[in-house]
Every structure is written in C-alpha cells, then in structure tokens.
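Morning, everyone. Please have the sequence and the model open on your screens, and follow along as I go.

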Amino acid sequence: MNGHLSENQIQHLVDRNGSNEDMMRWNTHLQTCEACRSRTDAFRRLDRVLHMMPLVEPSEGFTGKVLKKIGLREAPSFWWMFFKNFAPLVALAIVLVITYFVLSASGLFSQNAPSTTSVLSLPQVSGAFAKGTDTMTAWLATYFSWIGKGGKLVLYLVVIFGGVALLDRFILTPTIRRKALTGRF
Amino acid sequence: MDMSLSDHDIIERIRAGASHQYALLIDRYKAKGMTLALRILRNHEDAEEALQDAFVRVYRGLEEFEGRSKFSTWFYRILYNVCLTKLGERKTEFDRVSLDQEADEHGEVVADSSSLQEEIEMKDLLAHAQRAIERLPAKFATIISLFYIQDLSHEEISEVTKLPIGTIKTHLFRARAALQNELQKDLVVEHW
C-alpha cells in the first residue's frame with residue numbers, strides 16, 4: 001500500500017465495516033506504519049469514550065409532570081393498590097350478605113313460597129323484599145341500638161352505592177380506558 | 001423500575017387499562033431522550049419541554065403504534081420531530097455550521113498528537129469529548145447521540161431522521177473526524 005490510510009479507511013477499520021480484503025490490507029499496513037497505528041488507536045479511543053458518554057437526566061419530578069399533563073397519576077403505592085383492590089371486594093361481600101339476608105327473610109324461597117315455575121307479580125316481589133328488609137333491619141337493631149327507623153334506608157343506600165362502586169370499578173372504568181386508548185370497547 | 005418487562009409488554013398493559021404503567025416507559029427513556037433533545041436544542045429548558053411534549057404525543061399515539069418498528073425508534077422519531085419544530089420556532093437552522101468548512105480548517109489529524117492522548121486519563125478524555133460534542137453542529141451531535149447513546153443502527157437512525165443511510169454514515173464519519181480534531185486541539189492547548 002502506498003502512503004497512509006485515509007481517515008475514512010481508519011473509521012471503517014474501527015467500525016469493522018470494510019470487506020475482508022480491505023480489512024486484511026489495512027491491518028497489514030498498520031503493522032508497518034506507526035503513524036497510521038497511532039491515528040487508528042486515537043479513533044478507537046474516541047469510539048470507546050463516546051460509548052461511555054454520560055446521560056443527561058431531566059429535572060426532578062419529570063415523570064410526574066408528564067403524567068399530570070396526560071391526566072394520569074404516578075404508580076400508586078402498595079397500600080393504595082391493596083386498598084383499591086380490597087375495598088371493592090369488601091363492598092361485594094357486603095352487598096352479597098345483605099342480598100342473601102333480604103332474600104332469605106323475604107320468604108320467597110321458603111317451602112310455602114309460590115312455585116318457582118310460576119311468574120311472580122311485581123307487587124309480590126316488592127312485598128317480599130320489604131318483608132326481607134324489615135326483618136333484617138329489626139335483626140340489626142338488636143345488635144346496633146342506634147339503628148332506628150332510618151335503618152332500612154341505610155340498608156338500601158349501602159346496596160345501591162356498593163353496587164354502583166362495583167359497576168364502576170370492574171366494568172365502567174376499564175371500558176372507558178380501553179375505549180380511550182384503543183378506540184375499541 | 002421493572003426492567004424485566006419489555007416495552008411491548010408495558011404498552012399492552014397500558015392498552016389493557018393500567019395507564020399508570022406509562023411511568024415505566026417514561027423512566028426508561030427520559031435520560032436518553034433528554035440527552036438527544038439537548039444535543040439538538042442546546043438548551044436545558046427547551047430540551048425538557050420538547051421531551052415532555054414528545055412523551056405526551058407518544059401516549060396519545062399509542063393506539064396507532066402497531067409495533068412494526070421498535071418502540072424506541074418510534075419514540076426517538078417523535079422526539080426528533082418535536083425538537084426540529086422547536087428549532088423552527090426559534091428560527092435556528094439545524095445545520096447552520098458547515099462541518100466541511102470545519103474539517104478544511106483543521107485539516108487531517110496530525111499523527112504524532114495521538115501519543116499525547118495516551119497521557120490523558122479516560123475521565124479527562126470524557127470531559128473533553130463532552131465539550132467537543134457541544135461545539136459540534138447540532139446535526140452531527142444528534143447523529144453521534146443517536147448512534148452512541150441511543151444505540152441505534154444506521155438503519156434506525158435513518159428511520160428516525162428520514163435521511164438516507166449513506167448520508168447517516170457520512171455524517172457519522174465527519175462528526176467523528178471533527179470530534180477527533182476538536183479533542184486534538186484541546187489536548188494540544190492543554191499541554192502547551
């Protein structure tokens with residue numbers, strides 16, 4: 001090879017980017033040319049340094065700022081996640097217990113109840129529920145004396161709010177999020 | 001940070017409703033993104049603002065992301081475009097300095113100066129390199145950043161910048177040559 005390696009040839013050599021034939025020719029040249037060897041070493045060193053360049057971090061709280069801009073909250077804490085998942089389960093349990101008590105006290109499933117094959121009329125059903133809630137309120141009042149006449153209303157409210165919360169937690173919110181992100185229900 | 005989850009896994013979780021998991025993607029890419037934005041915009045505040053905008057756009061565009069290219073390439077492309085728009089608002093030209101001109105001024109690297117480099121600790125060299133990158137024209141500093149910091153291939157850089165692969169290779173060569181010249185200058189001055 002006549003003369004020295006060009007800068008481009010040295011960079012190809014550093015990147016191991018040349019053809020086998022070129023690489024062999026350049027490497028052979030390096031063995032005999034101190035000047036080109038030094039320049040190649042300098043480029044290799046630069047290559048190493050560039051791979052080690054430190055990253056620049058954005059300011060403190062950057063992630064929070066972006067999430068706020070999008071309208072999201074940062075990843076919730078363990079206890080919040082626990083409460084978030086525990087609370088709906090408790091609500092579900094309360095709603096089921098109340099429903100069970102009301103239904104069992106309503107007499108709808110007793111032996112004297114109308115046959116399950118026959119269709120119940122609306123007054124029959126509402127009467128049975130009223131009976132069930134009366135029984136349950138009276139039963140609760142024996143343990144919690146502060147439950148008075150409003151007990152029945154509280155019972156209805158607990159079931160309604162619990163039901164709405166469950167509907168929101170497990171059906172509405174996931175559906176709305178999915179629709180917002182994917183455009184599909 | 002949960003490093004075991006791939007970008008694709010996180011995106012799937014976000015699509016399934018766990019929107020707060022987007023924080024994982026932000027944490028994963030914010031430093032690399034900030035470094036790239038800073039290389040283009042040369043101003044910390046502008047870079048951070050551009051990075052925020054890019055993350056917001058990425059989130060809103062997750063629906064359209066089909067995963068044909070890597071998430072990182074897609075993210076850097078959006079960030080790159082946001083930064084260019086910002087530059088346009090500032091009426092600053094991306095390639096206002098001609099590197100050809102710089103290379104002509106400095107000429108070829110002198111052979112014997114590389115021996116000086118061997119006397120310098122790697123740490124010093126790193127500091128010099130950082131300063132040298134700051135002096136590079138933004139378009140070359142950007143290619144250097146995409147190649148060495150974002151670890152993108154020539155093809156991926158081409159996808160991000162929409163420049164032909166040949167141009168990317170040329171930019172990278174010129175940028176490294178210019179950096180080498182800058183480092184030599186620094187080191188010669190320091191050892192004078």
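Let's start with charges. A:Asp15, A:Asp47 and B:Arg176 are linked in a network of salt bridges. A salt bridge here is a side-chain nitrogen of Lys or Arg within 4 Å of a carboxyl oxygen of Asp or Glu.

Before I go on, the ground rules. This is a predicted model, where local features need pLDDT of at least 70, side-chain atom pairs count only at pLDDT 80 or more, and totals for chains, interfaces and linings use all residues. Residues are numbered from 1 along each chain as its sequence is written, chains are lettered from A and ligands numbered from 1 in the order in which they are written, and side-chain values use heavy atoms, with hydrogens and water left out.

B:Arg176 and A:Asp47 meet through their side chains at 3.6 Å, N to O. B:Arg176 lies in helix H10 of chain B and A:Asp47 in helix H3 of chain A, so this pair joins two chains. Helices are DSSP runs of H or I, at least four residues, and strands are runs of E, at least two; both are numbered from the N terminus. Are these two residues buried or exposed? Both B:Arg176 and A:Asp47 are buried. Buried means under 20% relative accessible area, exposed over 50%, partly exposed in between, with a 1.4 Å probe and protein chains only.

Next bridge. B:Asp53 meets A:Lys69 at 3.3 Å, N to O. B:Asp53 sits in helix H3 of chain B and A:Lys69 in helix H4 (residues 62-70) of chain A, so again two chains are joined. B:Asp53 is partly exposed at 25%. A:Lys69 is partly exposed too, at 41%. B:Glu48 also bridges to A:Lys65, at 3.5 Å.

How many salt bridges cross the interface of chain B and chain A? The rule finds 4. Over all chains, the search finds 14.

Now the interface itself. The contact (heavy atoms within 4.5 Å) takes 50 residues from chain B and 44 from chain A. The area buried between the chains is about 4,600 Å², and carbon and sulfur atoms give 66% of it. Buried area is the accessible area, with a 1.4 Å probe, that two parts lose on being put together, summed over both. B:His20, B:Tyr148 and B:Phe173 supply 14% of the area that chain B buries against chain A, more than any other three residues.

Last topic: rings. There are 13 aromatic pairs over all chains. Rings of Phe, Tyr and Trp (its six-membered ring) pair if their centres lie within 6.5 Å; planes under 30 degrees apart count as stacked, over 60 as edge-to-face, the rest as tilted. Take B:Tyr22 and B:Tyr59: centres 5.0 Å apart, planes at 55 degrees, so the pair is tilted. B:Tyr22 is in helix H2 (residues 22-41) of chain B and B:Tyr59 in helix H3 (residues 44-60) of chain B, so the pair ties together parts 37 residues apart in sequence. Both B:Tyr22 and B:Tyr59 are buried.

B:Tyr29 and B:Tyr76 make an edge-to-face pair, 6.2 Å centre to centre, with 85 degrees between the planes. B:Tyr29 is buried at 9% relative accessible area, and B:Tyr76 is buried at 1%. Ring pairs link these residues into a cluster whose members include A:Phe62, B:Tyr29, B:Trp74 and B:Tyr76.

That's my tour. Over to you.
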